[in-house]
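A short report on both topics goes with the model shown here.

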Amino acid sequence: MTNKQLLFCLSLLSLTAQAQQQDTLKGKDIEEVVVTATRSEKMLSTVPMPVTIITKSQIQQMGSVRLQEVLQEQTGLTLTSSHGQGVQLQGFNPDYTLILIDGEPLIGRTAGTLELSRIAVGNIKQIEIVKGATSSLYGSEALAGVINIITENPRNQQLSFSGRYGTNQLTDLSMQASMHKAKLKGNIFLNRYSSIGYDLTPETKGKTVEPFHTYTAQTKWNYAINKKLQASFSGRYFNEYQESGFEVGSPSQWISGGGRVQDWNILPTFTYQPSTRWKLQQRLYYSSYQAQSELYTPDNQLFEATNFHQTFFRPELQSNYILSEKHIFTLGIGNTWESVTATRYEGTKYFQNLYAYAQYEWLPTQRWNIVLGGRADVHTVYGSQLSPKLAVQYEANQWLTVRGSWGRGFKAPDFRQLYLNFTNTVAGYSVFGTEEIVTMLKQLQQQNQLAEILISTEALTQLKAESSFSYNLGAKLQPSKKLQVNINFFRNDVENLIESQAVARRTNGQNIFSYRNLQSIYTQGIEVDATYQIHSTISLSVGYQYLDAKDKAIEEKIAKGEIFRRNPTTLVTTRVKAADYGGLMGRSRHTFNGKVFYQNAKGWSATFRAIYRGRQGWADRNGNLILDEDNEYMPNFCTFNASISKEFWSKKIRWQIGVDNLLGSTQPDYLPNVAGRLLWTSLHLQLFKKE
Amino acid sequence: MKYLKLKQAVLGLFITSAFGACSTSEDAKPTPSIVTQTVTNLPADPTMNISTGQPQAPTGKFTLFSLKDNKIVSNLDSASTKWDIGFRGTTIIVNGGAVRTGQGGAAIATGLFEEIKNIAVNQVFNTDQSATALAIPTGSGLGWYNYNPANNWISPIAGKILLIRTAEGKFAKVEILSYYKDAPTTPSPTATARYFTFRYVYQANGTKKFE
């Protein structure tokens, strides 16, 4: 981003800041209910953990259609793109944030990242983001936090259609229907999303993003068997097809084909509520994810075919018991069965994970809220995990609430790290998961293909779960009804991060890699969010995150003077100083967002949003493997999005136009998923609605 | 040889003169001058001929180098003590050990080249025991270089200094500066690999001191 753009960013803010003085009307007082932080319905203001809510109306006003578009505008979340689009939370890679739909995990992290564009937002009621380790309730992956997508519950009779069309023939069509008859309620959501893609580098053959189309179908049903017992069922189906093509070899050959992703899940639930104090819920979740690709040479010979199929099955029983207003208990027990069959794995691999969790909420006075919880996981492959959590909130007075939380988070080694069995036939190197490596090394040794073992096989045996201790300390300030400020300091100490490492060398000189628990890192920072109701029609919000994420071993080496760098021009070597070390790659020290939302009684609404991310480490260029030179950073980047909408005919029609990435900024080398300027228009029809 | 340019670094002279100024009258004999020599574009069995610009098949032979004489030694003399270190691709050999003729050896020190003013008395020197068990380990991060798979680039690890015992049992310190012809400032797919640039200090008097 140029300085000019940054200036624009900042002047916009000062402008809106000046506008703050002219208002008088009071702010909105709607209390928001969240479920993710404690696995029970709670007023947002009483939850002692850092939680962000994104509401349906915000999503509608932004005009977003896929999850990543919504998440990238939130404070403390940064969109990343590595084997799929995911979000970084508190400085953690996307692998470390659990993504749930209605409380159940989405699967299909083929290489760690869960592709967020798989999720349509048209039927979302709200998105809840819990920051800080939450493994005490959710187990593996909830190390950085949890993002829970709550979809609409069936309520009344209604039927609506939405369509959006824009640049790159980006087309989104949705249908939503809901019915309510006596004891039965149900809804259905259908969506088609497609684009012809775009090309940021026309000089090379092949597009940056190839044409794709996706289909989503979701449904939810409730049946009240009697006053105490309710049965519900929800299901989801997703299907995506994307073309692909690239040049290979010399003379170059055009390889083309496509990939299909399909996932589906079902969730039958029984809820038994014998009294207002006691609730028992039985959930049975099954999910399947399959990704297949086929690529062909110009003369239609199969070049490569890959397949990845994962299944996930989990019965779970949860009980919430309110002993009195001051004591609330939550207990849960469950078991997970997982399997993977894939091109790069030998046979089918299975996991089983038995777990139980407990949580006690203690509200000794009106001002105090204390949550103590923990979860035990027993896993067939990597052993047991214990994840405690403590969170405390104190309401000092009407305008100040202080809260702190501490917890342990973990992420289990995934299928890839345990079972991958992959040899690159062109380059000749291999990668073996830790459960495969010893056998494979023996096999290669017998075939006289091993030149050298670099790490003894004893040291390679078991992979431990990656784990962290997470600390959050924050305050919520509400000096007036119109202004609300949230501040949160966070620190995560992470150990046993899993990395690939060369463990042996083949006689052909190529390395054999496996996975090991190596790195210890920390991430820390401060997050500030402020919302100001300038006028009854205008609200302004700004968010900022300062982030530091560093490798502890490298910091130690720098302190000892053991890390150097060579000036590429003069070839002179110098010691790297602590101040030169930029920490882990791919993290922006400064991220910022500013948003203005406008909505009046005549049915007009508008938004203007600016998202800034400071420079972030990209790749080592001077050969010392760490981030320490200016040319190793990706430049800072700013995007502006805007939308305007108008409702007609007593809200039966909503027409909206918008632009994403107003200035058309792109970074083809670094951010291929940022298309240029996207203009779009959408129409929403509420054909029928009965309360 | 045309591609072998020698540079006399002033550093060694500077150290000598500084020493001279401080020295007392008890030592009348002048300190032998220790100089830093820089060798550029030393071919290490290249797959590209830089004078013709044409690809060529690697020979599989090491380029043998005498630190004492600062020159390349013919492969015909491989079974002699005329050479001290040899280069082939990323592999660096020394003239000592079970598969060599001389008394050579090597150790890897961490620090700045100028800071290494002597070799510790108890410093252990490894030798070349076989074609694969070498005094200077091969492999990314294990010896003198890091390999970046993203751009196929070999970078000499800054701060890694090769301590060399020569074929005749003398000592030297060597810093590898580049693996590519003309030491390009940024990684480039068109750079010609297997051309070493390095600098070294050779101590002719048999001591382990470099000043």
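The report below covers the interface and then the cavities of this predicted model.

**The interface**

The size of an interface is often given as the accessible area lost when the parts come together. Here chain A and chain B bury about 1,600 Å² between them, and 55% of that area is on carbon and sulfur atoms. In chain A, the residues that lose the most area to chain B are Phe564(A), Arg566(A) and Leu571(A), which together account for 35% of what that side buries. Contact involves 17 residues of chain A and 20 residues of chain B.

Two salt bridges are found across the interface of chain A and chain B. Glu115(B) forms a salt bridge with Arg575(A), with the closest N and O atoms 2.5 Å apart. Strand E30 (564-566) and strand E31 (573-575) of chain A are the elements that give two or more residues to the side of chain A that touches chain B.

**The cavities**

Rolling a probe the size of a water molecule over the atoms shows where empty space is left. The structure holds five cavities of 30 Å³ or more, and the largest cavity has a volume of about 550 Å³. This largest cavity is lined by 35 residues; Ser140(A), Glu141(A), Gln310(A), Phe312(A) and Glu338(A) lie nearest its centre. E17(A) gives the most to the lining of the largest cavity, with four residues.

The table lists residue classes for two sets of residues.

Methods:
Residues numbered from 1 in each chain as written. Chains lettered and ligands numbered in written order. Predicted model: local features only at pLDDT ≥ 70, side-chain atom pairs only at ≥ 80, totals over all residues. Heavy atoms only, no water. Contact = heavy atoms within 4.5 Å. Buried area = accessible area lost by both parts, 1.4 Å probe. Salt bridge = Lys/Arg side-chain N within 4 Å of Asp/Glu carboxyl O. 1 Å grid on protein atoms, 1.4 Å probe; cavity = no way out; pocket = protein on both sides within 12 Å on 5 of 7 lines; lining within 4 Å. Points joined across faces, edges and corners; volume = space filled by probe spheres on them.
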